[in-house]
Amino acid sequence: ALSNLGNIFLLRRNDTYAAEQLYTAALRVSPENVGLMANSAENLHQRAMQQHANVSRDTYEFVKSQSEATYLAAEALFEKVLAMAPRDVGTLTNYGFFLAQIRHDDVAAERMFAPALKVDP
C-alpha cells in the first residue's frame with residue numbers, strides 16, 4: 001500500500017518528496033523489493049529534473065550540485081536493482097532514459113535498451 005501511495009504522489013501529484021518518504025517506509029518493510037527500488041530510483045530521477053527546472057543563473061550552480069547528488073543516488077539505485085534483477089524491463093528502460101537524458105550517454109542508454117528489447121519488444 002505504501003508503494004502504491006508513493007506512486008500516486010509521484011505520478012498524479014508530482015510530489016517527489018512525499019513519494020520518497022513513502023517508498024523509504026515501504027523499503028523498510030520489504031528491503032529487497034526490486035520493483036519498489038526501481039520506483040524509488042525513478043522518483044529520484046524525477047526530483048533531480050525538477051531541481052534543474054526554472055532556476056535563475058544566480059542559483060544554477062547550487063541547484064546543479066544538489067541535483068548531482070540526487071542523480072548519483074538514482075544511478076546507484078538503478079545499478080542495485082539491475083544487479084538483483086538484470087532483466088527487469090522497466091528498470092532497464094528507465095535507466096536507459098536516465099543515461100540518455102541526464103548523462104548524455106547514448107551508447108550506455110542503448111546498452112540498457114538492448115536486453116530490454118530482447119525480453120519485451
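**The core and its rings**

Modeller: The largest nonpolar core has 31 residues, and Met37, Phe78, Tyr95, Phe98, Leu99 and Met112 touch the most other members. Each of these helices supplies at least two residues of the core: α1 (2–11), α2 (16–29), α3 (34–52), α4 (57–84), α5 (89–101) and α6 (106–119). The largest share comes from α3, with seven residues. Keep in mind that this is a predicted model.

Now the rings. There are five aromatic pairs in the structure. Take Phe78 and Phe98. Their ring centres are 5.7 Å apart and their planes meet at 55°, so this pair counts as tilted. The cut-off for edge-to-face is over 60 degrees, and for stacked under 30. Phe78 belongs to helix α4 and Phe98 to helix α5, so the pair ties together parts 20 residues apart in sequence. Both Phe78 and Phe98 are buried.

A second pair is Phe97 with Phe113. This one is edge-to-face, with 5.4 Å centre to centre and 85° between the planes. Phe97 sits in helix α5 and Phe113 in helix α6, so this pair links distant parts of the chain, 16 residues apart. Phe113 has a relative accessible area of 24% and is therefore partly exposed. The limit for buried is under 20%.

Back to Phe98. Set aside neighbours within four places in sequence, and Phe98 is in contact with His45, Tyr71, Ala74, Glu75, Phe78 and Arg103.

Two other rings carry an arginine over the face. Arg13 lies over Phe9, at 4.5 Å from the ring centre. Arg47 lies over Tyr17, at 4.0 Å from the ring centre.

Thr16 is in helix α2. Its relative accessible area is 1%, so Thr16 is buried. The side chains of Thr16 and Gln50 are joined by a polar contact of 3.4 Å.

To recap the ring pairs: Phe78 with Phe98 is tilted, and Phe97 with Phe113 is edge-to-face.

Definitions and conventions:
Residues numbered from 1 in each chain as written. Predicted model: local features only at pLDDT ≥ 70, side-chain atom pairs only at ≥ 80, totals over all residues. Heavy atoms only, no water. Core = buried A, V, L, I, M, F, W, Y, C linked by side-chain atoms within 4.5 Å. Buried < 20%, exposed > 50% of the residue type's maximum accessible area, 1.4 Å probe, protein only. Helix = DSSP H or I, 4+ residues; strand = E, 2+ residues; numbered from the N terminus. Contact = heavy atoms within 4.5 Å. Phe/Tyr/Trp six-rings, centres within 6.5 Å; stacked < 30°, edge-to-face > 60°. Lys NZ or Arg CZ within 6 Å of the ring centre and 35° of its normal. Polar contact = N/O pair within 3.5 Å; in protein donor to acceptor, adjacent residues only side chain to side chain.
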